[in-house]
Amino acid sequence: MLFRSGTTELQGDGLIDQYKTQWREVSATVDKAKQHNEAVVGVTATDLDGTTVNFFFDPNIWAGRLNGLMPGNSIKVTGRVLDVTEQQVIFDKCELA
C-alpha cells in the first residue's frame, strides 16, 4: 500500500488521490458483514496484502447473496475507491464479481 512506502502521511495523501473514484477488483477474506442501515450493507475483509478493505453494497441488490457470508469466506468484489487511509481502503458501489 502506498502509505507503507516510507512516505509521510501528507505525501501518502498525494499519492492516493489518483486512485480515488477508480473502479477496482479486489480478492479478500471476509472478517464480518453487517447491515449498517436500509441503504448500506458493509463487508469488512482482508485483502491478499493484509490490508483491511471495507466494501459497501446496496442491500436492495446484494442482501440475498451477502446474507450467507461467513468469516473466512473468500470473495471477489468490484467497487469504486471511496477513500484510502493508513489503516484501510474503502470501496462503495460494490458488486460481487
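A search of the whole structure finds two salt bridges, a salt bridge being a side-chain nitrogen of Lys or Arg within 4 Å of a carboxyl oxygen of Asp or Glu. The model is a predicted one: local features need pLDDT of at least 70, side-chain atom pairs count only at pLDDT 80 or more, and totals for chains, interfaces and linings use all residues. Residues are numbered from 1 along each chain as its sequence is written, and side-chain values use heavy atoms, with hydrogens and water left out.

Start with the charged pairs. Side chains of opposite charge can pair when their charged atoms come close. Glu25 and Lys76 meet through their side chains at 4.0 Å, N to O. Helices (H or I, at least four residues) and strands (E, at least two) are DSSP runs, numbered from the N terminus. Glu25 counts as exposed at 52% relative accessibility. Lys76 counts as partly exposed at 38%.

Arg80 is partly exposed at 22% relative accessibility. Asp92 is buried, with a relative accessible area of 13%.

Now the strands behind these pairs. E1 and E4 run antiparallel and are joined by seven bridges. Two strands pair if DSSP finds at least two bridges between them. A hairpin joins E4 to E5 through three residues. Val81 has Phe91 in E5 as its bridge partner. In a regular strand the side chains alternate between the two faces of the sheet.

A search of the whole structure finds two of them. One is Phe55 with Phe91, a tilted pair with 5.5 Å centre to centre and 35° between the planes. A pair of aromatic rings is described by the distance of the centres and the angle of the planes. Rings of Phe, Tyr and Trp (its six-membered ring) pair if their centres lie within 6.5 Å; planes under 30 degrees apart count as stacked, over 60 as edge-to-face and the rest as tilted. Phe55 lies in strand E3 and Phe91 in strand E5, so the pair ties together parts 36 residues apart in sequence. Phe55 is buried at 0% relative accessibility. Phe91 is buried too, at 4%.

Strand E5 (residues 88-96) also holds Lys93. The phi of Lys93 is near 55°, a positive value in a residue other than glycine. Lys93 counts as partly exposed at 49% relative accessibility.

Next, helix H2. Its span is residues 59-66, and Pro59, Trp62 and Leu66 are buried there. Seen down the axis of H2, the buried residues fall within an arc of 100°, so they line one face of the helix. The arc is that of the directions from the helix axis to the C-beta atoms. The cover over these buried residues includes E1, strand E2 (40-47), strand E3 (52-57) and E5. Contact means heavy atoms within 4.5 Å. On the face turned away from the buried side, H2 carries the exposed residues Asn60, Ile61, Gly64 and Arg65.

Asp58 caps the N-terminal end of H2, with a side-chain oxygen 2.8 Å from the backbone nitrogen of Asn60. A polar contact is a pair of N or O atoms within 3.5 Å; within protein, one must be able to donate a hydrogen and the other to accept it, and residues adjacent in sequence count only if both atoms are side-chain atoms.

Gln22 is partly exposed, with a relative accessible area of 30%. Its side chain makes a polar contact of 2.4 Å with the side chain of Arg24. Leaving aside neighbours within four places in sequence, Gln22 is in contact with Gly79, Arg80 and Val81. Gln22 and Gly79 are 57 residues apart in sequence and 8.3 Å apart in space, C-alpha to C-alpha.

Definitions and conventions. Buried means under 20% relative accessible area, exposed over 50%, partly exposed in between (1.4 Å probe, protein chains only).
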